[in-house]
Amino acid sequence: MASVIDTAFAAALYSDSDAGLDTGASLLAADPAADAGLGRRGEEFLRRAWQRGWQPADVVRLVRRDLSDHHVRLLTELITAEVRAYRQLPPRWQAQLDELTAPPWQADRFSYATALLELYRLLLRLPAIEPVGPVPGTESLLPPHHHAEPRMLTRIRALLAKAEATDYAAEAEALSGKAQELMARHSIDEARLVAEGRGTDTPAACRIGVDAPYETAKAVLLDAVATANRCRAVWNSAFGFSTVVGFAPDLEVVELLHTSLLVQGSVAMTRAEAAQRAGGRKRTKTFRQSFLTAYASRLGHRLARTADQVTAETAQAEGAGGRLLPVLAERDVAVVSEADRMFPRTTVSRVRGVADEAGWLDGTAAADAAGLGTGA
């Protein structure tokens with residue numbers, strides 16, 4: 001005889017009808033004894049998601065986009081309970097778990113059961129995606145986690161935080177420029193360790209959220225940051241993230257710089273938009289889209305020049321016969337090879353929606369003001 005949970009799931013999870021959802025929620029609401037088993041079933045759905053390549057932040061991002069804060073609250077509780085079973089978590093998981101937050105929610109049993117079934121319906125239908133690390137519970141397969149120099153990353157974070165907070169473009173330029181310089185030199189220092197036979201790093205991957213609105217421009221910006229820092233970014237527009245492939249120290253600085261430049265770009269866009277409105281303009285959406293696209297495009301060129309300049313200066317200081325440039329080339333090839341292995345069927349699409357000249361010009365100016373290194 002089928003249990004209450006099985007009957008509720010049969011009615012609610014395998015169709016899109018509201019009637020089936022109401023039937024399943026009514027059955028669960030009327031049977032408090034099913035609550036414990038219902039939680040265990042949810043944890044099973046999560047374990048399947050982990051096995052299909054998903055990580056906590058990915059699932060939370062999708063639930064927040066497609067459902068509601070109530071569902072995020074339920075998911076947060078479910079993830080917290082599920083990960084208690086593991087003696088060790090994969091790299092980056094703990095940082096994702098530390099960010100799990102959701103507002104409290106008080107609901108009657110029917111509303112609670114309805115929301116839970118809606119959440120389970122989404123979890124059940126998650127497809128397999130490219131894994132960016134081991135599945136929890138496979139401790140023997142966990143690679144050694146790279147720990148970048150804490151003092152270096154602390155200095156970079158502090159510089160970028162100050163750049164985000166200042167109201168003066170010149171100060172932001174100096175702070176962001178210094179942070180970018182530290183990032184580039186940190187990456188080169190890691191490559192030098194390999195050249196000296198003191199490092200055996202291999203490419204890894206991480207996922208970074210690319211949220212609406214204006215996600216195309218944000219994905220372009222992330223791609224520019226990744227490319228300048230010897231990584232490759234592949235955007236999955238359907239699920240709202242990009243997968244970044246690169247060596248561990250480079251992945252860390254890509255996350256830091258991308259987040260900071262998004263903040264700086266948003267602040268600059270708000271100021272430029274206010275000036276446009278003061279002049280009587282009302283085309284907010286087209287202005288913002290064009291602004292952010294220009295901002296990402298211009299920064300891409302400046303980031304590339306800055307990275308090339310730092311590499312050239314370091315190679316010149318090393319002199320003829322140095323091993324740095326060959327090692328950097330080898331690392332670039334390794335990253336491209338890993339990205340091709342993970343994503344053998346990527347496509348290239350053109351950026352559309354740039355139709356506002358004022359937005360483009362202001363976005364370009366904002367990218368110039370961001371300042372990403374001397375001579376950029």
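Author: What follows takes the labels one at a time and sets values against cut-offs.

Author: This is a predicted model, in which local features need pLDDT of at least 70 and side-chain atom pairs pLDDT 80 or more, while totals for chains, interfaces and linings use all residues. Residues are numbered from 1 along each chain as its sequence is written, and side-chain values use heavy atoms, with hydrogens and water left out.

Reader: How many helices and strands does the protein chain have, and what makes a run count as one?

Author: The protein chain has 14 helices and three strands. Both are DSSP runs, numbered from the N terminus: helices are H or I with at least four residues, strands are E with at least two.

Reader: Why is Phe 45 called buried?

Author: Buried means under 20% relative accessible area, exposed means over 50%, and partly exposed lies in between (1.4 Å probe, protein chains only). Phe 45 has 7% relative accessibility, so Phe 45 counts as buried. Across the 376 residues of the protein chain, 45% count as buried.

Reader: What is Phe 45 in contact with, beyond its neighbours within four places in sequence?

Author: Contact means heavy atoms within 4.5 Å. With those neighbours set aside, Phe 45 is in contact with Phe 9, Leu 13, Tyr 120, Leu 123 and Leu 124. Phe 9, Phe 45 and Tyr 120 also form one aromatic cluster.

Reader: What span is expected for α3, and what does α3 reach?

Author: The expected span is 1.5 Å times one less than the number of residues. α3 has 17 residues, for an expected 24 Å. From first C-alpha to last, α3 reaches 25 Å, close to that value. Just after α3, Gly 53 takes a positive phi of about 105°.

Reader: What is the peptide bond from Ala 212 to Pro 213, cis or trans?

Author: That bond is cis, with omega near 0°. Pro 213 lies in the loop between β1 and α10.

Reader: How do you know that β1 and β2 each pair with β3?

Author: Two strands pair if DSSP finds at least two bridges between them. β1 and β3 pair in the antiparallel sense over six bridges. β2 and β3 pair in the antiparallel sense over five bridges. In β3, Val 245 is the bridge partner of Ala 205, and Phe 241 is the bridge partner of Asn 236. The hairpin of β2 and β3 has four residues between the strands, and there Gly 240 takes a positive phi near 75°.

Reader: What makes β3 mostly covered?

Author: Six of its six residues are buried. In a regular strand the side chains alternate between the two faces of the sheet. Both faces of β3 are covered: Phe 241, Thr 243 and Val 245 are buried on one side, and Ser 242, Val 244 and Gly 246 on the other.

Reader: Why is the pair of Phe 239 and Phe 241 called stacked?

Author: Rings of Phe, Tyr and Trp (its six-membered ring) pair if their centres lie within 6.5 Å; planes under 30 degrees apart count as stacked, over 60 as edge-to-face, and the rest as tilted. This rule gives nine aromatic pairs. The rings of Phe 239 and Phe 241 have centres 6.5 Å apart and planes at 15°, so the pair is stacked. Phe 239 and Phe 241 are both buried.

Reader: What kind of pair do Phe 287 and Phe 291 form?

Author: Their pair is tilted, with 6.0 Å centre to centre and 35° between the planes. Both lie in helix α12, four residues apart, about one turn of the helix. Phe 287 is buried, with a relative accessible area of 2%, and Phe 291 is buried at 0%.

Reader: How do you know that Arg 207 lies over the face of Phe 241?

Author: A charge sits over a ring if NZ of Lys or CZ of Arg is within 6 Å of the ring centre and within 35 degrees of the ring normal. Arg 207 lies over the face of Phe 241, at 5.3 Å from the ring centre. Arg 331 lies over the face of Phe 247, at 3.8 Å from the ring centre.
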